[in-house]
Amino acid sequence: MKYRRLGNSGLKVSPLCLGTMTYGTPEWREWVLDEQASRPFLKKALDAGINFFDTADMYSEGQSERVVGGALMDYADREEFVLATKVFMPIGKGANRGGLSRKHIMDAIDRSLQRLGTDYIDLYQIHRWDYDTPIEETMEALHDVVKAGKARYIGASSMFAWQFAKAQHVAERNGWTRFVSMQPMYNLIYREEEREMFPLCHDQGVGVIPWSPLARGVLAGKAQGQGAATTRGRTDENTRKWHLGSDIDQPVISALEAISKERNLPMAQIALAWVAANPVVTAPIVGVGKEQQLDDALASLQIQLTTEEKERLEEHYVPHEVAGHA
């Protein structure tokens, strides 16, 4: 496994990040694996050299952090892995149980640390933009979290490029900690981040760790909706809300299928290799609920797409409405 710096930071991460929304409790979502079923995937990822793990406080309403933190602490020394989690989404009821206010950030970081069973988080990320809280309040609170030793670095997730630029400017102007990473949705059938966010991250030396590189399974050839073979495929409303795999995406999917057949490789491997080939991308975040999915993700690291193959995969892309920011 060859490790990469996360943006201009000194933090070194594997070229794949294991996303852990799949691990926690099926009481939260039917397709989520419980602790016993989750642990083998975390162990196999570590054994394969993956050192980068991404969770969030809202996944399984905190249970994902407990499962992931417990397994990683059992299987590896704390210094050997990079642990990322997120704050913003509400957990439970109450006016201050969500968002990016100073109160919520300070409360949430302590609860995440307790659930994860660690003294610090390597990468503490804001899960979305908070329209109700001044960005100055958020950035100062995150800076204080870092200075208190509770987080080593901070990152952000899906938002508009102007918002990210504003947050970075506020931090720099005040001498506060800046974001080292951006986590946007990015895949063959959703490429809107190439317009403004990617150039901004490239210019500013920010690491990009895309979520949903397989478009929630669409680019792995999985059917969605009532005819889907998996529980998640049948119940995932976001796939439909964001129109992933709709008619305008079919020419791109057909090109992916054709190259997959020519290469005699699974569609998922080709789609992941395409995301990873973007020079702005540090590490795609992959969700794994079956052993083959992890095998495909690891195998994708060895695939070098030709210029002609990339052109075929990209030529039929049609602009989409911005999705995943809310």
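Select Glu35 to begin: this residue is partly exposed, with a relative accessible area of 36%, where partly exposed covers the range between buried (under 20% relative accessible area) and exposed (over 50%), computed with a 1.4 Å probe on protein chains only. The model is a predicted one, in which local features need pLDDT of at least 70 and side-chain atom pairs count only at pLDDT 80 or more, while totals for chains, interfaces and linings use all residues. Residues are numbered from 1 along each chain as its sequence is written, and side-chain values use heavy atoms, with hydrogens and water left out.

The side chains of Glu35 and Arg39 form a salt bridge of 3.6 Å, N to O, the term meaning a side-chain nitrogen of Lys or Arg within 4 Å of a carboxyl oxygen of Asp or Glu. Both residues belong to helix H1 (residues 35-47), and because they are four residues apart there, about one helical turn separates them; helices (H or I, at least four residues) and strands (E, at least two) are DSSP runs numbered from the N terminus. Selecting Asp74 as well shows a network of salt bridges that links Glu35, Arg39 and Asp74.

Go next to Asp122 and Arg78, whose side chains meet in a salt bridge of 2.9 Å, N to O. This pair links distant parts of the chain, since Asp122 lies in strand S6 (residues 121-126) and Arg78 in the loop between helix H2 (63-75) and S5, 44 residues apart. Asp122 is buried at 7% relative accessibility, and Arg78 is also buried, at 12%.

Now select Lys150 and Asp110, which form a salt bridge with their closest N and O atoms 2.8 Å apart. Lys150 sits in the loop between helix H4 (135-147) and strand S7 (151-157) and Asp110 in helix H3, so the pair ties together parts that are 40 residues apart in sequence. Lys150 is partly exposed at 25%, as is Asp110 at 37%.

From helix H3, move to Asn96, found in the loop between strand S5 (82-87) and helix H3 (102-116) and partly exposed at 41% relative accessibility. Not counting residues up to four places away in sequence, Asn96 touches Lys103 and His104, contact meaning heavy atoms within 4.5 Å.

Finally, show the whole protein chain, whose secondary structure comes to twelve helices and ten strands. A search of the whole structure finds 18 salt bridges, and 56% of the 326 residues count as buried.
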